[in-house]
Protein chains: 2
Amino acid sequence: MNHTLLERRFNTLGPYTPLFYDQPLEFVSASGVWLTDVNGDRYLDAYNNVPHVGHAHPHVVEAIRSQASALNIHTRYLNDRVVEYAENLLATFDRRLDRVMFTNSGSESNDLAFRIANQHTGHTGVLVSDFSYHGHTRALAEVTTGLRCDEGIGNHVRTIRIPDLDGADLGRSESEVLTESLGEVDSAIASLQEHGFGVSAVLFDSLFSTEGLNRVPGGYVKGLADRVRAAGGLVIGDEVQSGFGRTASAFWGHQNHRIVPDLVTLGKPMGNGHPLGGVVLPAALLDEFGPRNMYFNTFGGNPVSAAAGQAVLDVMEAEDLMARAAATSRVVREQLELLRTKHDHIGPIKGTGLFFGFEVFSGPVSESASRPDAERTKRIVERMRRDRVLISRIGRDDSVLKMRPPLALTIGEAEMFLDRLFAAIQAVA
Amino acid sequence: MNHTLLERRFNTLGPYTPLFYDQPLEFVSASGVWLTDVNGDRYLDAYNNVPHVGHAHPHVVEAIRSQASALNIHTRYLNDRVVEYAENLLATFDRRLDRVMFTNSGSESNDLAFRIANQHTGHTGVLVSDFSYHGHTRALAEVTTGLRCDEGIGNHVRTIRIPDLDGADLGRSESEVLTESLGEVDSAIASLQEHGFGVSAVLFDSLFSTEGLNRVPGGYVKGLADRVRAAGGLVIGDEVQSGFGRTASAFWGHQNHRIVPDLVTLGKPMGNGHPLGGVVLPAALLDEFGPRNMYFNTFGGNPVSAAAGQAVLDVMEAEDLMARAAATSRVVREQLELLRTKHDHIGPIKGTGLFFGFEVFSGPVSESASRPDAERTKRIVERMRRDRVLISRIGRDDSVLKMRPPLALTIGEAEMFLDRLFAAIQAVA
């Protein structure tokens with residue numbers, strides 16, 4: 001660790017911006033899934049989803065350079081770059097979702113989605129998972145349940161527990177869990193209505209990643225969406241984590257649940273690191289919001305951001321990244337299932353595509369005295385760092401390993417990753 | 001105009017995103033203060049402040065390319081690029097303002113400043129100008145007075161009229177206007193306290209640009225800040241318009257008013273078009289907010305954004321842009337004063353540095369029947385477009401010409417601009 005740099009960081013950005021690891025890493029360059037630190041050591045990145053098509057991808061860099069050297073301007077003038085990108089992006093959605101509003105982050109996107117939903121419904125009530133995170137604006141702080149926010153949960157917010165057949169609901173009947181969970185949704189909606197808030201929206205991440213990659217009963221998300229709509233609310237699908245082929249089984253996470261949200265919010269991987277987000281919605285919703293609000297986003301939809309976004313779509317297609325991710329994720333899952341047979345303190349393998357993990361317990365999962373073990377999970381993460389592989393952890397107890405490499409991960413790299421993970425699990429067993 | 005592109009835009013982004021001019025312009029490239037449209041025609045840009053050091057500046061483009069091709073990652077790892085930029089940015093502020101939180105836009109910055117102020121004071125009450133705009137998040141929609149927002153003004157918001165010695169208060173005694181205006185501030189504060197909101201913050205743009213570049217009485221801003229602080233509130237200086245040497249007389253707009261805000265918010269010109277913003281604040285405020293909130297901004301402080309921000313500072317210094325802007329703005333102001341002697345329907349020359357304008361009236365300013373003339377102002381803007389110069393208009397009546405070229409404008413280019421402006425004023429007289 002570079003003590004001087006850390007001190008200089010504390011003296012400018014402050015000590016609160018989170019840093020990974022007991023001994024933070026300082027990286028200077030990267031390519032594909034490989035990061036090089038200040039000492040020249042190379043790390044395999046099995047954590048970062050923002051550099052979606054691979055770190056410093058030359059096609060994305062060249063698209064940004066080329067457009068930035070020609071023109072970077074806002075949308076008050078016409079520019080074909082942003083329109084072309086919008087068309088190509090919208091082509092990946094159900095045809096009902098035919099308009100896009102560009103922003104600069106997932107936070108701006110979710111904040112805007114709330115404004116649209118509030119105005120459409122005339123209600124303010126919101127349903128969110130009881131352990132989730134959707135961004136840092138004040139409106140989003142009021143619905144933040146998965147990390148520390150001083151605002152606290154707003155009066156207009158009801159939280160619901162997301163079921164997990166591979167976690168808290170392990171071993172229970174799927175239909176019983178479904179009935180119980182949707183009953184909780186009904187109660188939350190009734191409470192919002194009784195208290196005069198009405199139902200404006202439900203906001204959720206299709207992967208339930210902050211929650212710990214919950215496996216929900218079949219029909220749960222559809223049941224949730226149906227109930228919110230029946231109460232007059234809108235369904236906001238937050239695709240910041242699950243979008244752009246991350247799950248390998250669908251381009252958008254909500255498609256895995258066989259629903260079409262009313263509003264889809266985008267962020268992180270969209271520009272491979274270039275600040276880019278968006279809200280995708282039906283024309284009917286935009287036609288309502290548009291005349292009532294002079295919404296203008298200075299950087300949103302500038303041609304350089306559009307070029308970055310288009311380059312991500314181009315690379316995904318040219319390098320067949322979704323199909324590769326599907327193949328790689330099958331190998332990963334097979335191997336993780338194998339690992340599980342060797343270590344009885346590992347919970348069920350969770351996640352979809354290239355966002356996967358498992359819970360780490362204090363003892364055999366089958367023993368009722370065993371508990372989610374945050375400390376052991378942390379030791380695995382730190383051990384992987386020592387072995388130069390980046391992963392992290394999530395979940396209510398910080399006990400679910402979070403593995404989410406760039407989609408560019410090859411099968412060979414996945415095998416290197418698995419070897420080191422096996423060694424780490426063995427070492428920390 | 002390219003009809004097909006316009007239709008394609010409407011079918012993807014919708015028809016509500018504002019477009020300039022009756023016949024929108026489509027630009028394809030730019031350099032310095034010159035934009036080239038799809039027909040190859042060149043326009044002198046006397047409007048855009050985002051490309052602060054000049055459109056597509058090669059040093060900024062190369063800084064972005066170079067860093068993007070090496071590494072783009074979030075702040076959970078150490079990186080010297082972001083720390084170095086933070087140090088250089090903070091060096092431009094009063095030493096009390098010694099911490100920065102990076103964001104991706106002015107909207108994210110102002111939203112965050114509100115969170116910090118609310119938490120610090122334990123109050124929610126906000127004072128804003130009665131014709132202003134500070135961003136598009138929901139928290140900011142509730143304080144938006146200068147454009148259409150469906151939310152309406154929040155109950156916790158009090159609006160104050162910003163005096164204008166060259167506008168509504170023309171001809172009145174400066175001390176009388178000062179007393180009256182600060183009395184209005186006192187009343188607004190008293191109302192917030194009576195209604196139990198207390199005073200959290202005042203948020204203002206030092207140039208009062210949306211309002212129409214108001215010339216406030218000497219001591220007004222200081223009096224406003226003093227009163228808000230005496231009531232326990234914080235002073236938020238929005239430098240999105242007035243910062244980075246725009247006024248030529250000071251690097252930060254608030255310095256022209258001889259105050260140091262508690263929170264300074266940054267956006268637009270900060271990355272010359274790259275999405276970049278920030279909140280600058282004293283360590284004491286960050287030390288309060290930091291432990292209470294796990295604030296993490298995914299793109300905020302990434303090394304590519306930092307490289308773009310650093311490049312803007314570098315170019316400003318290398319090309320001596322503030323001193324040049326000061327010299328250029330003197331020529332502009334002299335010539336505009338001369339123009340005013342020839343056209344009696346032009347109000348006092350307004351603004352500071354390279355953000356200037358004047359109100360256009362229906363008849364001689366001296367005649368009491370004369371009114372701000374939005375239609376005539378629009379005709380001037382459209383005539384300038386025909387003559388290939390970009391300007392716009394602002395103010396409560398849309399009757400103040402808004403001229404705000406990139407800081408890179410040379411004196412020669414300023415003279416070309418002035419020639420065409422003189423011709424347009426003559427033609428639309």
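Start by selecting B:Gly218, which sits in the loop between strand 7 (201-205) and helix 7 (220-230) of chain B. Keep in mind as you click around that this is a predicted model. With B:Gly218 still selected, look for what it touches: leaving aside residues up to four places away in sequence, its contacts are B:Glu174 and B:Leu178. B:Val199 is 19 residues from B:Gly218 along the chain, and their C-alpha atoms are 24 Å apart.

Next, a pair of helices. Show helix 4 and helix 9 of chain B, whose axes lie 10 Å apart and cross at an angle of about 95 degrees. That angle makes helix 4 of chain B roughly perpendicular to helix 9 of chain B. From helix 4 of chain B, pick B:Leu112, B:Arg115, B:Ile116, B:Gln119 and B:His120; from helix 9 of chain B, pick B:Leu285, B:Glu288, B:Phe289 and B:Arg292. Colour them by class and you get four nonpolar, two polar and three charged residues.

Now bring up both chains and look at where they meet. Here 100 residues of chain B are in contact with 100 residues of chain A. Together the two chains bury about 8700 Å², and 59% of that is on carbon and sulfur atoms. On the chain B side, select B:Tyr77, B:Leu78 and B:Arg138: these lose the most area to chain A, together 10% of what that side buries.

What about polar pairs? Across this interface there are 53 residue pairs in polar contact, counting those with both residues at pLDDT 80 or more. Elements giving two or more residues to the chain B side include helix 1 (3-10), helix 3 (80-90) and helix 9 (283-292) of chain B. By class, that side has 48 nonpolar, 31 polar and 21 charged residues.

How many salt bridges are there between chain B and chain A? The count is six, while over all chains it comes to 46.

For a last stop, select A:Arg8 and B:Glu87, a salt bridge with its closest N and O atoms 2.7 Å apart. A:Arg8 lies in helix 1 (residues 3-10) of chain A and B:Glu87 in helix 3 of chain B, so this pair joins two chains.

Key
Residues numbered from 1 in each chain as written. Chains lettered and ligands numbered in written order. Predicted model: local features only at pLDDT ≥ 70, side-chain atom pairs only at ≥ 80, totals over all residues. Heavy atoms only, no water. Contact = heavy atoms within 4.5 Å. Buried area = accessible area lost by both parts, 1.4 Å probe. Salt bridge = Lys/Arg side-chain N within 4 Å of Asp/Glu carboxyl O. Polar contact = N/O pair within 3.5 Å; in protein donor to acceptor, adjacent residues only side chain to side chain. Helix = DSSP H or I, 4+ residues; strand = E, 2+ residues; numbered from the N terminus. Nonpolar A, V, L, I, M, F, W, Y, C, P; charged D, E, K, R; others polar. Axes fitted to C-alpha atoms, helices over the stretch in contact; angles between N-to-C directions. Parallel < 35°, antiparallel > 145°, perpendicular 65-115°, else oblique.
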